[in-house]
Amino acid sequence: LTPQEIGCVEEKNTWKIRWFPNRFPAVELKGNSKIKTKNNFLKEGNAYGMHEIIAETRDHKKQLSDLSIGHIKELLDVYALRIKTLSKLKGIKYVAVFKNQGPLAGTSLIHAHTQVAALSLLPEEVMNEVKAAKKSRKCPYCSIIKLESKSKRKIIENESIVAFAPFASRFNFEAWLFPKRHVKNITDMHDNEMHDMASALKKILLKLKKINASYNFFLHYAPQGNDLHFHIEITPRLGKFGGFEYSTGATINSVMPEDAARFYRGR
């Protein structure tokens, strides 16, 4: 019932993970990829790009947290493949990889899946991180990783990955996962780092499953020609934004990051 398959990871003569075009795409390879500015204020352009769905498993009853670490590692490998492949398309400047899980996170399909959107523009959130990082003589995220690996906000640390609840968390139980090694993109990560990332991701998602939390997660990597420490941000959707958040840009978070980290650690 899906659009024609683009590719898959096979297992025992059938698919284990597969990806295909989104039937209701936000962007399409139609029109011009260029964005124009009129009257110094108004920007406009076609919703140009490619929008794909990655079915994470054949099993309709399983969610990402239920899959094995090895299976999640293979999914991360697919993320890297789609970023690498779609980045080569003419007019594409960034490939957004994100997951919506649960009704409060904007999901419309129950079957476990990730979305990939190749865009003709650079996301503002990513560029804000790039610009902030440029203000430091060396990577600020590398320094933050060292700081948080010794703080009460640390969630998980293994051989190559550190996960922590960010100091100024925007969401209840927000978590960030970083490779210790400075890599600009998931496409630069080694197999052992992918495995360690999959292990840390599974542990965090299992905790969110226990409290039935809707969540989003997304990948942030360095656009071509820029430097940014690759990471994954997990944003649980246990609270709702109201007038205060929308009118001020500030967030009311009722869960301290130290308490969030303690919840994830189980102590």
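1. A word on terms to begin: a residue is called buried under 20% relative accessible area, exposed over 50%, and partly exposed in between, using a 1.4 Å probe and protein chains only. By that rule Trp176 is buried, because its relative accessibility is 13%. Phe178 is buried too, since its relative accessibility is 1%.

2. Some ground rules for reading along. This is a predicted model, in which local features need pLDDT of at least 70 and side-chain atom pairs count only at pLDDT 80 or more, while totals for chains, interfaces and linings use all residues. Numbering runs from 1 along each chain as its sequence is written, and side-chain values use heavy atoms, with hydrogens and water left out.

3. Back to the aromatic rings. Rings of Phe, Tyr and Trp (its six-membered ring) pair if their centres lie within 6.5 Å; planes under 30 degrees apart count as stacked, over 60 as edge-to-face and the rest as tilted. The structure has 10 aromatic pairs. Trp176 and Phe178 make a tilted pair, because their planes meet at 35° with the ring centres 6.1 Å apart. Together with Tyr141 and Phe164, Trp176 and Phe178 form one aromatic cluster.

4. Two charged side chains are worth a look as well. A charge sits over a ring if NZ of Lys or CZ of Arg is within 6 Å of the ring centre and within 35 degrees of the ring normal. Arg18 lies over the face of Trp15, 5.5 Å from the ring centre, and Lys207 lies over the face of Phe263, at 6.0 Å.

5. Now the hairpin. Helices (H or I, at least four residues) and strands (E, at least two) are DSSP runs, numbered from the N terminus, and two strands pair if DSSP finds at least two bridges between them. Strands β1 (residues 7-11) and β2 (residues 14-21) run antiparallel and are joined by five bridges. Glu11 stands opposite Thr14 in β2, and two residues lie between the strands.

6. Please check the backbone at a few non-glycine positions. Lys12, in the loop between β1 and β2, has a positive phi near 55°. Lys12 counts as exposed because its relative accessibility is 79%. Asn40, in the loop between β3 (36-38) and β4 (42-44), is not a glycine either, yet its phi is positive at about 65°. Asn40 is exposed, with a relative accessible area of 73%. Asn212, which follows α4, also takes a positive phi, near 55°.

7. The helix lengths look consistent. The expected span is 1.5 Å times one less than the number of residues. Helix α1 (residues 69-86) has 18 residues and should span 26 Å, which agrees with the 26 Å between its end C-alpha atoms. Helix α4 (residues 191-210), with 20 residues, should span 28 Å, and its end C-alpha atoms are 29 Å apart, which agrees. Buried residues of α1 include Ile72, Leu75, Leu76, Tyr79 and Ile83.

8. Last, the largest pocket. On a 1 Å grid over the protein atoms alone, a pocket is an open set of points where a 1.4 Å probe fits, with protein on both sides within 12 Å along at least five of seven lines; lining residues have an atom within 4 Å of a point. The largest pocket holds about 470 Å³ of space, where grid points are joined across faces, edges and corners and the volume is the space filled by probe spheres set on the points. Its lining has 20 residues, with Thr2, Phe20, Ile53, Leu109 and His113 nearest the centre. β2, β5 (49-55) and β7 (113-119) each give two or more residues to this lining, and β2 gives the most, with four.
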